[in-house]
Every structure is written in C-alpha cells, then in structure tokens.
Amino acid sequence: MAERTRSGARARTSPPAGSAPPVRKRPKNRKAQIATVAAEAFSERGYHGVSIEDIAKAVGISGPALYRHFPNKYALFVQAVNQLADALDAALSQFDDDTPDDGAAAILDKRLTATIGMTIDNRRTGGLYRWERRYLSDDDQAKVRGKMAVINRRLAQTLTELRPGLTATDAALLATAQLSVIGSITTHRVPLTTRRLQSLLLDACRSVAATSLVPDEPAAAPTERTGIAVANKREVLLHEAVLLFDARGYHEVSIEEIGAAAEINASGVYRHFASKADLLAAAFHRAGDRVALAVSSALADSSTPAQALEHLTEVYVELSFAQNALMSVYFAEIGNLPAAHRSDLRNIQRLNIEEWARLVGELRTDLTPVECRILVHAALNLVLDVGEMTRFRNSASNRRRTVDLMLAVLLGDAATRRDSEASAASTGTRT
C-alpha cells in the first residue's frame, strides 16, 4: 500500500530498483501539432518575429527534436500555410457529392457553414494566410494560390446553380467576397459567442450571394500624366517604401532598397527618417489620416444614417482602389510598428471602426454594437480581397460592385431589398 504524506495525499511510489523508466510515446500527429502551434505564432507575431526555439518551447520539445520533423523555419512555415488551405478545402469538398436536386441554397448553406466552422476553429491562425504568405517563394505561392482557386471554384459552382444567370467571373467574385467575409474574423479579436458568430457570418454571406452586380465595364484608358513630379524627397521616400512594403513585406525590404527606388543614397534616407520603422509609422499615419478624412467628409455630406453609410462606402472604396498599396500596408503591417506608435495607431483604427459601426447600428437595431463591429471588419476586409482579385482595376463599375458588396454585408436584407427595388424600377415591374 502506498505511503501517505503529512497532508494525507498518497506519496509517489518509486519504481523497483533496476526497472526501466516509463517510455514517453511521441504523438502520432506531432508534425501537424507543430505546424498548428507555428501557425498561431506566425499569425500573431509574423514570420520574422518567431524563431524555431519559440515554436519548440510552445510545443514542449527541444529545438533538435523539432528539426527531426522540419529542416528549417521556412519548411515549417510552408507546412503551416498549406495545412490551413487543406483544412479549408476539406471543409468544402465533403459536399462534392451533393447534387442540384438537393437544393442549391441548401448546398451553399452547408458549404458556408462548414467553412465558417473551420475558420472559427482556426481563428488564431488565419492571419498567417492573409498577410504572411508574401514570405513564400514564388513556387510555393503559386501552389497555395492553386489550392485557393479550387476552393473558390467550389463555392462559385454552387452560386451558379443558385443563380443560373451569373457569369463565371461574377460567380467567382461573389465567392471571393464570401470567403473574405468569413476570413475577416482572423484579422481581429472582437468577441462573440460561437453560435451567434456563425449565424452572423452566414447571414452576411447569404446577402453577398443575393447581391445584384452592375454590368462589368472596362476601365477608361489611363491618361498620360503631365503634372510636375514631386520634388519633396520625404514624399518620394514614403511613396517608394509603401510600394516595397506592400509587394514584399516590411522585413524583406532594406533602407538601401528604399533609397535606391527613390534615387537617394542610404545616408540621404536617414536625413528624412531616423529608421525603417519610422518610415512605416509615417505610412500608417498617412493612411489613418486619409481614412479619418473619408469618414468626416461622408458624414458632413449626409443628412441620414443610410445616406452617410452609402457615402462612406463609396469614399472608402475610391480611396482603397486609388491607394491600394497604402491601404494594404495599413492593415498588414501594424504588428511591425514600434510600440510607441502601435497603441496610438490601433486606437485610431478602433475609432474609425466605431464610427462605421455606429451608423450600421442606427440602421440595424436588431444588432448589438459588437455584432456591428464584426460586420464592419468583414466589409472592410472584403474591399482588399475583391480589389486584389480584380487587380484594383479602377473602373466605375468595379468600384460600384465593391460598394454594393460592402453594403450587402453591412445592411443584410435591407441591401437585398434595395437591389430588388432598383431592378424592378429599371424593368417597370413591382416586387
């Protein structure tokens, strides 16, 4: 019988002399476990902000033990990104055997519900695909894009069955918007119960599916610029830095490369910005100021919440398409800001979100302030994803389509009813 300690608890019995220590079995899914932990770390702190030792410690193993599964950090990064894409594909492919006879709306709901559930389960890792995939090699990026194209086609096919009049391009656009709405929850930490979050996202995706898209028209031919070139070297540096940060990611760009792009040597760069981090902070302040100006101008030109929200989406989409690199950096790189700037800029972003959410709440009294904020995040996320799909082609029709998709997310059934009324008016019928 085991001895008891002074407190009455059973004392641990020592193994008999000469017996071997118990063998610790390695989990069968150790590789996937490591990739999941790595994805959370990469998503939270960025690819360059995480070391192999950080990941090994979080898993509870040594660095050498981790190297038995992955030869280096990049290989682990590739595995983590592909694991996310494969999980999303698996969530959708389970309904491949369903036929249109089962009801296209029901099949779409199944696919969306499965995708939402998978994304909620992986909410802490989704940012890895959203922003950090820029650090993949060209070949690895192409493979991940191929997987995402298959996922998009699955949703687009169901949308075409639901709405036979959709062109393949329009179905793909709606599918991109739906995936963006769902994926938006990985870009923020606004809390909501799982059941209500599932319902809110599903309703937003249904509204996107029902959105009437204006005919797509080509953008007007760009006019040759004849203005005077910017002479302010600080502005030139900021412009070139934003383009490079957007294309390759903050950590992959050096001060020397920014200076070369601006035709200024490195020492000249430091006369305008103390560091690369100061350049990034300047870009954030520029974007924050322009978003704040868009909000204030939309409110000043409106007399009702509905009119204000319409104006705000139009101004925001126009800004995002005209300054797409700046807006992408604004959402992607905040984790790389110096701490002194980060809290202030997060507060600016939060205040802008609150202004949008206040308008949505005045128009949708059935929603709580938290639910309004989540829909605002979804609508803003949609602009970047739809813009990227269309290469930010700055045509009037492309901007209008993006505005209508944003309003579908923000207003739900109200936006659908508005589209139906507009369509009926154009054909001389009543709904």
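Buried means under 20% relative accessible area, exposed over 50% and partly exposed in between, with a 1.4 Å probe and protein chains only. Helices (H or I, at least four residues) and strands (E, at least two) are DSSP runs numbered from the N terminus. The structure is a predicted model, in which local features need pLDDT of at least 70 and side-chain atom pairs count only at pLDDT 80 or more, while totals for chains, interfaces and linings use all residues. Residues are numbered from 1 along each chain as its sequence is written, and side-chain values use heavy atoms, with hydrogens and water left out.

**Figure 1. Helix 15 is mostly covered.** The buried positions are Ala325, Leu326, Met327, Ser328, Val329, Tyr330 and Ala332. For the protein as a whole, 19 helices and 0 strands are assigned, and buried residues make up 46% of the 431 residues.

**Figure 2. Lys73 is buried without a salt bridge.** A salt bridge requires a side-chain nitrogen of Lys or Arg within 4 Å of a carboxyl oxygen of Asp or Glu. Lys and Arg count as positive and Asp and Glu as negative, whereas His and the chain ends are not counted. The nearest side chain of opposite charge to Lys73 is that of Asp54, 7.8 Å away. A polar atom of the Lys73 side chain does, however, lie 2.8 Å from the backbone oxygen of Tyr47. Lys73 belongs to helix 4 (residues 73-93). With neighbours within four places in sequence left aside, Lys73 is in contact (heavy atoms within 4.5 Å) with Phe42, Tyr47, His48, Val50, Ser51 and Ile52.

**Figure 3. Ring pairs link Phe42, Tyr47, Tyr74, Phe77 and Tyr135 into a cluster.** Rings of Phe, Tyr and Trp (its six-membered ring) pair if their centres lie within 6.5 Å; planes under 30 degrees apart count as stacked, over 60 as edge-to-face and the rest as tilted. The structure holds 10 such aromatic pairs. The Tyr47 and Tyr135 pair is stacked, because the ring centres are 6.0 Å apart and the planes are at 25°. Tyr47 lies in the loop between helix 1 (30-45) and helix 2 (52-59) and Tyr135 in the loop between helix 6 (127-131) and helix 7 (138-162), so this pair ties together parts 88 residues apart in sequence. Both Tyr47 and Tyr135 are buried. The Tyr74 and Phe77 pair is tilted, because the ring centres are 6.5 Å apart and the planes are at 55°. Tyr74 and Phe77 are 3 residues apart in helix 4, and are therefore separated by about one helical turn. Tyr74 is partly exposed, with a relative accessible area of 26%, whereas Phe77 is buried at 0%.

**Figure 4. Ile55 is among the residues with the most contacts inside the largest nonpolar core.** A nonpolar core is a set of buried Ala, Val, Leu, Ile, Met, Phe, Trp, Tyr and Cys residues joined through side-chain atoms within 4.5 Å. The largest one has 127 residues. Beyond its neighbours within four places in sequence, Ile55 is in contact with Ile34, Val37, Ala38, Phe42, Val50, Leu66 and Leu76.

Figure 5. Leu238 is buried, with a relative accessible area of 3%.

Methods:
A polar contact is a pair of N or O atoms within 3.5 Å; within protein, one must be able to donate a hydrogen and the other to accept it, and residues adjacent in sequence count only if both atoms are side-chain atoms.
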